[in-house]
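Reader: Could we go through this model together? I would like to begin with the charged side chains.

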Amino acid sequence: GSRRSSGGLDAALDAGSRRSSGASGAGEGHSRREELSRRVDAIAAGVEADGKVLREEFAEVRAQWAEQARCAVLGVAQLRTSLAELEGRAAEIRRQQVELAPIAA
C-alpha cells in the first residue's frame with residue numbers, strides 16, 4: 001500500500017491554502033510574498049517527502065522482483081533436474097524392454 005497519505009505534498013497544499021485565506025491589511029503585499037514563499041517551501045518539502053516515500057516503495061518492489069526472479073530460476077533448475085531424471089528412467093526402461101523382448105517372444 002501507499003504511505004504517501006501521511007503527509008507530503010497533499011498536506012503541504014492543504015496547510016498552505018488554509019493559511020492564505022486569512023491575509024489582509026496594509027502590509028498585505030509583503031506578507032503575501034512571505035506567505036507565497038512559505039507555501040513554495042512547504043510544497044518543496046512535501047514533494048521531497050513524497051519522493052523519499054516513492055523511492056522506498058520502488059526499492060521494496062525491486063527487491064520483490066529480484067526475489068521472484070531468483071525463485072523462478074530455482075524452479076527452472078529443479079524442473080531441468082527432474083526432466084533429466086525422467087529421461088534417465090525412460091532410457092533405462094527402454095533398455096530393459098530391449099533386453100526382455102526376446103524372452104517375451
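Reader: Where do glutamate 67 and arginine 70 lie, and how many residues apart are they?
Author: Both are in helix H2 (residues 28-104), three residues apart, about one turn of the helix. Helices here are DSSP runs of H or I of at least four residues, strands are E runs of at least two, and both are numbered from the N terminus. The model is a predicted one, in which local features need pLDDT of at least 70, side-chain atom pairs count only at pLDDT 80 or more, and totals for chains, interfaces and linings use all residues. Residues are numbered from 1 along each chain as its sequence is written, and side-chain values use heavy atoms, with hydrogens and water left out.

Reader: What does glutamate 67 form with arginine 70?
Author: The two form a salt bridge, with their closest N and O atoms 2.9 Å apart. The term requires a side-chain nitrogen of Lys or Arg within 4 Å of a carboxyl oxygen of Asp or Glu.

Reader: Why can residues at such a spacing point the same way?
Author: An α-helix has 3.6 residues a turn, so residues three or four places apart point the same way.

Reader: How many salt bridges does the structure hold?
Author: It holds five. Among them is the one between arginine 95 and glutamate 92, whose closest N and O atoms are 2.3 Å apart. These two residues also lie in helix H2, three residues apart.

Reader: Which side chain meets arginine 95 in a salt bridge of 2.3 Å, besides that of glutamate 92?
Author: That of glutamate 99, at 2.3 Å from N to O. Glutamate 99 and arginine 95 are four residues apart in helix H2, and therefore separated by about one helical turn. Through shared partners, salt bridges join Glu92, Arg95 and Glu99 into one network.

Reader: And how exposed are the residues of that network?
Author: Arginine 95 is partly exposed, with a relative accessible area of 40%. Glutamate 92 is partly exposed at 32%, and glutamate 99 is partly exposed at 46%.

Reader: Changing topic: which residues of H2 are buried?
Author: Glu35, Gly46, Asp50, Gly51, Val53 and Glu57 are buried in H2. Glutamate 35 has a relative accessible area of 6%.

Reader: What joins the side chains of glutamate 35 and arginine 38?
Author: A polar contact of 2.9 Å. Such a contact is a pair of N or O atoms within 3.5 Å; within protein, one must be able to donate a hydrogen and the other to accept it, and residues adjacent in sequence count only if both atoms are side-chain atoms.

Reader: Turning to the helix itself, what span should H2 have?
Author: At 1.5 Å a residue, its 77 residues should span 114 Å, and the end C-alpha atoms are 109 Å apart, which agrees. The expected span is 1.5 Å times one less than the number of residues.

Reader: Where does the kink in H2 lie?
Author: It lies at valine 98, shortly before proline 102, and is about 30 degrees. The bend at a residue is the angle between axes fitted to the seven residues ending there and the seven starting there.

Reader: Finally, how many helices and strands does the chain have?
Author: Two helices and zero strands. Of its 105 residues, 11% count as buried.

How values were computed
Buried means under 20% relative accessible area, exposed over 50%, partly exposed in between (1.4 Å probe, protein chains only).
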